[in-house]
Amino acid sequence: MRRNNLLIITALILIAIGLTELYFIGKSYFFSQLSKVLIFVAILGTISLFMKKEYILNYGHFLYHISLILLVIVLIVGKGKVNRWINLGFMQLQPSEIAKLGLILILSKILSDNKKPMKSRLVKASFYTLIPFILVLLQPDLGTALTFLFIAFLMSLLSGIDPFITRLIILTPVTMIASAHLVSTLILYLLLLVFLLISKEAIYKKVLTIGFLTIVSLSTPFVWQKVLKPYQRDRLTAFLNPEKSKSKEGWQIYQAKIAIGSGGIFGKGPGRGTQKGLAFLPAAHTDFIFSSIGEEFGLIGLIIILTTFMAFLSFLLRKIELEEGQEKLIIAGIFAYFFFHFTVNILSNLSLLPVVGIPLPFITYGGSHLLIELTAILIILKLED
């Protein structure tokens with residue numbers, strides 16, 4: 001019970017930090033987000049009176065199917081170049097956020113089905129992962145699409161996935177990055193060949209490894225030109241060389257670095273952030289709220305966020321160790337969700353990753369991700385009933 005209190009308290013601290021910063025960014029953002037928090041807590045609190053653990057384990061996967069319907073609807077009714085939201089009047093619903101939780105619940109059911117062989121479970125899990133991945137990629141929303149892959153990977157790993165498959169999954173993004181230059185590609189292949197020569201695994205697995213990664217390497221230029229949108233290519237280019245493009249695509253990460261650096265140890269003070277106040281820092285209430293907090297509350301404010309998140313994630317890790325079967329996989333999927341969002345958002349604010357529009361859990365302005373994050377906490381609490 002005490003450990004559950006830690007989960008709730010850390011989440012409330014992060015929500016309070018987010019609301020505080022939103023208040024100084026803009027009163028309208030603050031009151032809008034506060035109303036969402038109160039409404040969601042009231043709704044989920046009422047649902048918790050009737051929800052049972054069996055409902056989550058046996059019927060939770062229906063959320064996945066509902067989210068797929070919503071993802072198709074948003075592609076049909078959406079207007080403009082970006083189709084991600086459904087207007088509900090009081091908020092813009094982002095179905096891809098629902099799909100993340102839906103994927104966790106359905107994968108937990110598939111991967112924990114010990115009556116079927118592991119290969120069959122993995123093939124089925126891959127199929128169910130690729131559907132929302134492709135639908136979200138079409139919106140287009142690369143960052144959210146990658147979230148599905150990370151969640152599926154971590155849950156598959158905990159369910160007993162073959163180390164050979166794990167290696168292919170890990171090497172795929174590494175190979176795509178290395179393919180940007182001939183020298184890095186040759187170095188990667190040289191290291192891989194040395195590893196395979198000293199490895200004692202079957203010959204066919206060594207051949208499959210080389211063949212698979214060669215296909216990935218050769219297809220990377222096609223993915224760059226045909227799959228990624230121009231603005232996504234610009235973001236990646238800006239990330240690799242922000243100084244060269246700081247007046248264009250690199251503007252966001254350049255201003256984010258200035259905001260964090262100018263905050264110093266104690267910050268400029270609440271509401272006194274010049275980067276945010278003079279509108280140099282874009283999306284201060286969403287993608288770059290971490291930088292905005294760093295400017296106004298300094299290193300101390302950022303350490304409080306990092307410490308609180310670490311406590312939150314450590315609680316989830318401990319829960320993974322204590323649980324078994326489907327419950328263990330659900331908590332592992334929820335951990336993957338929070339870890340991915342937390343890590344990618346902060347590293348992109350620090351210019352250590354490209355900006356892909358991933359919200360900072362509990363803190364970033366927005367209703368859809370907050371609803372899913374609060375629902376995830378409710379599920380964890382109910383799994384103990």
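By class, the lining of the largest pocket has 37 nonpolar, eight polar and one charged residues, where Ala, Val, Leu, Ile, Met, Phe, Trp, Tyr, Cys and Pro count as nonpolar, Asp, Glu, Lys and Arg as charged, and the others, Gly among them, as polar. The model is predicted, so that local features need pLDDT of at least 70 and side-chain atom pairs count only at pLDDT 80 or more, while totals for chains, interfaces and linings use all residues. Residues are numbered from 1 along each chain as its sequence is written, and side-chain values use heavy atoms, with hydrogens and water left out.

**The largest pocket**
- On a 1 Å grid over the protein atoms alone, a pocket is an open set of points with protein on both sides within 12 Å along at least five of seven lines, and lining residues have an atom within 4 Å of a point.
- The volume of the largest pocket is about 2300 Å³, counted as the space filled by probe spheres set on the points, which are joined across faces, edges and corners.
- Of the 46 lining residues, Leu146, Leu149, Thr172, Pro173 and Met176 are the closest to the centre of the largest pocket.
- Helix H6 (118–137) gives the largest share of this lining, nine residues, helices being DSSP runs (H or I, at least four residues) numbered from the N terminus.

**The second largest cavity**
- A cavity is a set of points where a 1.4 Å probe fits but cannot get out, and the second largest cavity holds about 40 Å³ of space.
- Its lining consists of Asp287, Asn345, Ser348, Asn349, Val355, Val356, Gly357 and Ile358.

Technical notes. Helices (H or I, at least four residues) and strands (E, at least two) are DSSP runs, numbered from the N terminus.
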